[in-house]
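The sequence and the coordinates are shown first, and the description follows.

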Amino acid sequence: MANLNLTLKVWRQENAQAQGRIETYKAKNIPDEASFLEMLDIVNEELVHEGKEPIHFDHDCREGICGMCSLTINGVPHGGKKVTTCQLHMRQFKDGDTIWIEPFRAAAFPLLRDLVVDRTALDKIIAAGGFVDVRTGAAPNANNVPVRKKTADAAFDAAACIGCGACVASCKNSAAMLFTSAKAAHLNLLPQGQPEKNKRVLAMVRQMDALGFGNCTNLYECEAACPKGISVDNIAKLNRDYMIACAAEAVGVFA
Amino acid sequence: MNDIITTACKFVTSSIGRKILVALSGACLLLFLVGHLAGNMTIFGGDVAAGDRSWIEYYATGLHSMPAWLLWSIRLGLLAVALVHIVLAIVLKIENKNARTPYQKEGTLKATISSRSMIYTGILVLAFIVIHLWQLTINGDPATCYSHVLHLFQQPAWAIFYIVAILGLMMHVRHGLQSVLQTVGLATRKVRPLYNLVSWAFAIVVCGAFILIPVCVMLGILK
């Protein structure tokens, strides 16, 4: 076990209207088995002792499954180690490192305070169509509804999205295509999602556009930053499904 | 009919719809590049390889002797495709800029330089096309184009400008080709590495062949 001494460059901003700025903090004696958020806890304890305002940041489960923690670390959401910030450990850093900590930035994610942003826009995309309307009952008996193994795997992989917004924060266009495509794909791939597939695709894409996210330019930065390894194959699928849905809407295949 | 128009309007104002239009117009321009290159390669037939005229002059006069309506519909068609590509790309770029709030410390994991500079290489290529049309189409005579091209590239400044512009085109095409396939929904992780390879090969072969002309003139191989 080794202890690290780090310099933190942290974005501080009192509220949505205030002018934000980078402030420098010393993080002293950080155990290398601490998680990134625990490191911030240690820094915050010291700030509280000094009578200063602690650094505000989002967190909840600290198990890498809830999608609540954020932070753009050295310009990369979650630090780019294929895990969420809460699962990022200080052993990934070296003694004496300078670490830049900023919020998940996007016009569609208004900043609330310091490192906390409002990611409600993602919920609005789900609310537009990321669900199955009808009651599907209890889980069906095994093999009652045949699903190809490959399809089931692809749907499961897409469903692994925890909605943290790292894809948006990593995208130079702040596009929400990886999120939207994963949420659409995991239903569109399965039999239960088929009846509303076209309606879902159109509603989710139109909601995504209306919320002021940017347009995907296929840099695949989102896939690299995603802590859950969501594939950009989902984006290609959404593009495909959107064309089909538009054609269906135009000729009135569904009302 | 109303439904078709309504949906079409929504399609061409949506993010994915406009991306698909940029991709398809880009694909048309890629095909044009191949055709243009095939024609250009006749310059390597030399000065008076085919009697009193060089191959490229036969080719150029041949192109110009097609019926005016056909020539102009091809030209206007190309212009329309290019306009769709350019205007939509700029509109999307402006939207993308507005969707972002900047980081103090920028970081990149896997985005390539060519993918991050599409707008700049695009503007470079656009400027090049305007100058290129002015020099060799508007102020050019197909019957004497061999000596015209030779004279142009014997001036090092112009030769270098053409080479730099085509290198910009190479970067643009490298990202563009595989991007087209992703945008129209034909990419999966299985074929994406192949698409990348094909994009590299296309960019190097096509743009390399274009660059070969000024290089050969500068080296005195074409005279």
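## The sheet of chain A

In chain A, strand β3 (residues 72-73) and strand β5(A) pair in the antiparallel sense, and 2 bridges join them. Within this region, A:Thr72 stands opposite A:Glu102, a residue of β5(A). The model described here is a predicted one.

The sheet to which these strands belong is open and is formed by 5 strands of chain A, in the order β2-β1-β5-β3-β4, with mixed pairing. Its edge strands are β2 (21-31) and β4 (76-77) of chain A, each of which pairs on one side only. Helix α1 (residues 36-49) of chain A packs on the sheet, where it touches β1 (3-12) and β2 of chain A. The direction of this helix makes about 100° with that of β2(A).

## Pairing around strand β1 of chain A

What is the sense of the pairing between β1(A) and β2(A), and over how many bridges does it run? These two strands pair in the antiparallel sense, over 9 bridges. Across this pairing, A:Leu6 stands opposite A:Ala27 in β2(A).

The pairing of β1(A) with β5(A) is parallel and runs over 4 bridges. Here A:Thr7 stands opposite A:Thr98, which lies in β5(A).

## Chain A as a whole

Chain A contains 8 helices and 7 strands. Its C-alpha atoms fill a box of roughly 65 × 40 × 30 Å when the box is taken along the principal axes.

Chain A has 255 residues, of which 47% count as buried. When contacts in chain A between residues at least 6 apart in sequence are considered, 71% of them join residues at least 24 apart.

## Helix packing in chain B

Helix α1 (residues 2-13) and helix α2 (residues 15-40) of chain B have axes that come within 4 Å and cross at roughly 75°. Angles of 65 to 115 degrees count as roughly perpendicular, and α1(B) is therefore roughly perpendicular to α2(B). The contact is made by B:Phe11, B:Val12 and B:Thr13 of α1(B), together with B:Gly17, B:Arg18 and B:Leu21 of α2(B). These residues divide into 3 nonpolar, 2 polar and 1 charged.

A further pair in chain B consists of helix α8 (residues 156-183) and helix α9 (residues 192-218), whose axes come within 8 Å and cross at roughly 170°. Angles over 145 degrees count as roughly antiparallel, so α8(B) is roughly antiparallel to α9(B). The crossing of α8(B) and α9(B) is right-handed. The contact of α8(B) with α9(B) has 21 nonpolar, 3 polar and 1 charged residues.

Key: Residues numbered from 1 in each chain as written. Chains lettered and ligands numbered in written order. Predicted model: local features only at pLDDT ≥ 70, side-chain atom pairs only at ≥ 80, totals over all residues. Axes fitted to C-alpha atoms, helices over the stretch in contact; angles between N-to-C directions. Parallel < 35°, antiparallel > 145°, perpendicular 65-115°, else oblique. Left-handed = near helix turned anticlockwise from the far one by under 90°. Nonpolar A, V, L, I, M, F, W, Y, C, P; charged D, E, K, R; others polar. Pairing = 2+ DSSP bridges. Contact = placed C-beta atoms within 7 Å. Buried ≥ 20, exposed ≤ 12 C-beta atoms within 10 Å, placed from the backbone.
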